[in-house]
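Subject: A structure for you to look at

Hi there,

Here is the structure I promised to send you. Please open it next to this email and follow along as you read.

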Amino acid sequence: MEFRLLGWPADDVLVRLDHRAYAYAGKFAMSSTGKAVALDDGQRFRVPDEPKREYVAPVGIVAFSEDRTDPDALWLRYVSVRRERRREGVGPRLCAFVVARAAERGYERVRIAVNNAYSYEALHKVGFAWTGRETGIAELVLERPASESARVDPETYRAGLDTIADRDDLDDAERAFVREKRERGPPPVDDADPTA
């Protein structure tokens with residue numbers, strides 16, 4: 001798999017995705033975020049000319065921007081993997097790729113807000129940890145240093161899962177997932193830059 005940085009927020013990169021294949025597809029057509037993609041080996045990819053309104057089909061994509069109140073922090077805003085390629089670990093590896101690029105660019109911290117147990121678990125696997133904070137829309141804020149993994153306290157990890165489990169909108173599968181991960185504790189971390 002190939003990982004490619006398409007540009008930083010100031011580069012005004014727009015990517016048009018098919019909303020049937022990607023979560024948050026419309027968010028990648030905004031120019032105020034940087035973008036990075038995961039591609040199959042040999043997959044040709046170019047950012048389409050906006051007037052042509054072409055769709056592109058990377059395996060995964062992430063949008064990111066600088067924190068407006070903390071210039072040393074980068075926020076991963078949206079992570080989306082093509083529907084048929086989910087559960088292959090593409091999203092976490094793509095996030096690890098962006099974290100490595102953020103470190104090279106001088107950012108000290110990288111943050112992301114998640115709204116489900118699956119994302120919570122996946123991001124812990126690449127060195128993020130729950131901060132104990134939530135956004136105003138009930139997302140859990142995870143953070144890690146850009147140059148190393150966060151230190152994960154098992155009780156804080158479990159408390160984050162408990163926060164997710166307290167929600168009314170979880171289905172039985174996600175509740176079972178939370179119970180299993182809560183019993184096990186934090187996952188092992190592999191936050192290596194996938195291009196290294």
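Predicted model: local features only at pLDDT ≥ 70, side-chain atom pairs only at ≥ 80, totals over all residues.

**The whole protein**

The protein has four helices and seven strands. If you trace the chain from the N terminus, the elements come in the order β-β-β-β-α-β-α-β-β-α-α. The radius of gyration is 16 Å, close to the 16 Å that the globule rule gives for 196 residues, so the protein is as compact as a globular protein of that length. The C-alpha trace spans about 50 × 35 × 35 Å along the principal axes.

How much of the protein is buried? Buried residues account for 47% of the 196 residues. I also looked at contacts between residues at least 6 apart in sequence, and 66% of these join residues at least 24 apart.

**How the helices pack**

A quick reminder before we zoom in: two packed helices are described by the angle between their axes and the distance between those axes.

Let's begin with helix H2 (residues 117-124) and H3, whose axes come within 10 Å and cross at roughly 160 degrees. An angle over 145 degrees counts as roughly antiparallel, and H2 and H3 are therefore roughly antiparallel to each other. Their crossing is right-handed. On the H2 side, the residues that meet H3 are Ala117, Tyr120, Glu121 and His124; on the H3 side, they are Thr156, Tyr157, Gly160, Leu161 and Ile164. Sorted by class, this contact of H2 with H3 holds five nonpolar, three polar and one charged residues.

Now turn to helix H3 (residues 154-165) and helix H4 (residues 172-184), whose axes come within 9 Å and cross at roughly 165 degrees. That angle makes H3 roughly antiparallel to H4. Here the crossing is left-handed. H3 brings Tyr157, Arg158, Leu161, Asp162, Ile164 and Ala165 to the contact, while H4 brings Glu174, Arg175, Val178, Lys181, Arg182, Glu183 and Arg184. Which classes do the residues of the contact of H3 with H4 divide into? Five are nonpolar, none are polar and eight are charged.

Best wishes

Notes:
Residues numbered from 1 in each chain as written. Heavy atoms only, no water. Axes fitted to C-alpha atoms, helices over the stretch in contact; angles between N-to-C directions. Helix = DSSP H or I, 4+ residues; strand = E, 2+ residues; numbered from the N terminus. Parallel < 35°, antiparallel > 145°, perpendicular 65-115°, else oblique. Left-handed = near helix turned anticlockwise from the far one by under 90°. Contact = heavy atoms within 4.5 Å. Nonpolar A, V, L, I, M, F, W, Y, C, P; charged D, E, K, R; others polar. Rg over C-alpha atoms; globule rule 2.2 N^0.38 Å. Buried < 20%, exposed > 50% of the residue type's maximum accessible area, 1.4 Å probe, protein only.
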